[in-house]
Amino acid sequence: MPAPVTVSKEQLDKQFTYIDAVAGLIRDKRPRAYTHTFGCQQNEADTERIRGMLHEMGYEMTNNADEADFILFNTCAVREHAEDRAFGNIGALSHLKKRRPEVIIALCGCMAQQEKNVEKIKKSYPQVSLLFGTHALWRFPSLLYRVLTEKKRVFDIGGEDDIAEGLPVLRARGAKAWLSIMYGCNNFCTYCIVPYVRGRERSRRPEEIERELRELIAAGYKEITLLGQNVNSYGKDLGLNIDFAGLLRRLNAVPGDFWLRFMTSHPKDASPRLFDAMADCEKVAKQLHLPFQSGSNEILRRMNRHYTAESYRTLIQDARQKMPDITLSSDIIVGFPGETEQDFAQTLALVDEVRFDLLFTFLYSPRSGTPAASYEDPVTPEEKQRRFERLLRVQDEIVAERQAAYQGKRLRLLVDGMAKGPDYPYTARTEGNLLVCVCGDGIQTGEFIQAEIEKTTLRCLFARKL
Ligand code: 5AD
Ligand code: SF4
């Protein structure tokens, strides 16, 4: 496989000159920028890069779209619902654009990488002045410059599967940070649009990842989540003799008191070698998100997932044997085309057996251009909905039981924000990433504390600082 293309220093330097040029154009206006992110953590990480560029240009960030001079939607194409919401949000801005025609409305991300959406925006959403795809993100300064100077709409969905290092980034303050280790996906699960909109897998070089991790630790972040569509294939394209387990070991050696998390893992590539590394590395949180999608081997085959329910069970056993307290979560798709009652029963059985701490459950959403979108699908939406609700009920019982088992336990927590209720005013996370509301003296956001669990509900543990 050819090594990933890194955007050259000259190309990036050029973007920095555009950042300065935009700054020159808007300097006296004290402009404000508003961003809204749909979808996954990868999108959130991308938005932080765009906010970094906007910040360098002189934009101040605002949480209020009404007062913004630049509005950006970073979009998701994984399910129809996310697309509908993005179109709804953009549609609702037509009044704002009429009232303040100078406002720039931009759209980027996975939806912007698809021809059909681009046509729709061109035709029916004239309020959008700038659209760019996932591959053009690093060119944002030059694109915005063109919108500001040429006074016409700019569309850029071109570009290659490349990696741009050294872009500015404006991260959310707090305890947690994202760290992308790779981009794209090679798997082509038959339901999934991601490989079409994010391109092929490409890994960042380990020294770049380590450099960024060191910066994050120095800046005070305590929980760093390594991001990739399929982190278990990290390094395959680099030819450097490093895989994901090796990367974890290297990052674990970085000095500091922090937790490393990662997502998402694919069961076809997760291995005993990975679990050995997780077990050995004290900074790697004992938490695993391992989507299995369906408990039926026939559905897994038609999803192009390359593992079986049995091999998945074996993986979970191995992980639990090496890390007895590990927290497990998964993604499941209900109602994949042709899913029979028996197939679904196998999904329920796997859920019942593994006893996940957290599940993300989705109704199948056909994505045009993917193979599954043309599969026959005789099951009615009503039946799919019933299955979906059955799954939720089974999982709620499991979660109640798993949460209750934390009663009275003493745990290390990372305080990460403010809670809504007055009795337990802070939010925190366990090493397993379970949500905790916590009370006690001298609690500070961004700090690790020891606490004892006082009560539990389905969605939250409640703890007192020790
Ligand atoms: N319909 C429903 N869910 C989907 N996912 C991906 N594509 C689709 C789709 N077309 C789910 C998978 C994946 C998660 C991020 O989104 O479960 O793991
Ligand atoms: Fe989509 Fe499958 Fe790639 Fe995940 S591994 S992004 S589900 S194609």
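Okay, Asp-331 first: this residue is buried, at a relative accessible area of 16%. By buried I mean under 20% relative accessible area, with exposed being over 50% and partly exposed in between, using a 1.4 Å probe and protein chains only. This is a predicted model, so local features need pLDDT of at least 70 and side-chain atom pairs count only at pLDDT 80 or more, while totals for chains, interfaces and linings use all residues. Residues are numbered from 1 along each chain as its sequence is written, chains are lettered from A and ligands numbered from 1 in the order in which they are written, and side-chain values use heavy atoms, with hydrogens and water left out.

Back to Asp-331, which sits in strand 15, residues 327–334. Helices here are DSSP runs of H or I with at least four residues, strands are runs of E with at least two, and both are numbered from the N terminus. What does Asp-331 touch? Skipping residues up to four places away in sequence, the partners are His-289, Pro-291, Phe-292, Gln-293, Phe-360 and Phe-362. A contact, by the way, is heavy atoms within 4.5 Å.

Now zoom out to the domains. The assignment for the protein chain gives domain 1 at 9–156, domain 2 at 176–404 and domain 3 at 410–465; those bounds come from an automatic or database domain assignment. Take the pair of domain 2 and domain 3: their centres, over C-alpha atoms, are separated by 26 Å. On the contact count, 18 residues of domain 2 meet 18 residues of domain 3. The size of an interface is often given as the accessible area lost when the parts come together. Here, domain 2 and domain 3 bury about 1,500 Å² between them, and 53% of it is on carbon and sulfur atoms. Buried area is the accessible area, with a 1.4 Å probe, that two parts lose on being put together, summed over both. Which three residues supply more than any others on the domain 2 side? Those are Lys-222, Trp-259 and Gln-403, which supply 43% of the area that domain 2 buries against domain 3.

Next, the cysteines. An unreviewed UniProt entry annotates Cys-185, Cys-189 and Cys-192 as "binding site". Buried or exposed for Cys-185? It's buried, at 9% relative accessible area, and Cys-189 is buried at 7%.

Their contacts, with residues up to four places away in sequence not counted: Cys-185 touches Val-194, Pro-195, Gly-199, Arg-200, Glu-201 and Gln-229, and Cys-189 touches His-266, Met-303, Asn-304 and Arg-305.

Ligand 2 goes with this part of the talk. The residues around ligand 2 include Cys-185, Cys-189, Cys-192, Gln-229, His-266 and Arg-305, where being around it takes a heavy atom within 4 Å. That shell divides into seven nonpolar, three polar and one charged. In this scheme Ala, Val, Leu, Ile, Met, Phe, Trp, Tyr, Cys and Pro count as nonpolar, Asp, Glu, Lys and Arg as charged, and the others, Gly among them, as polar.

Another "binding site" annotation, also from an unreviewed UniProt entry, lists Cys-40, Cys-76 and Cys-110. They're spread over 71 residues of sequence but cluster in space, with a largest C-alpha distance of 10.6 Å. Cys-76 is in the loop between strand 4 (70–75) and helix 3 (80–91) and is buried at 10%. Cys-110 is in the loop between strand 5 (104–109) and helix 5 (115–124) and is buried at 8%. Beyond four places in sequence, the contacts of Cys-76 include Cys-110 and Met-111, and those of Cys-110 include Val-197 and Arg-198.

Last stop, helix 6: just after this helix, Lys-151 takes a positive phi of about 55°.

Definitions and conventions
UniProt positions renumbered as here; feature names shortened; annotations may be inferred.
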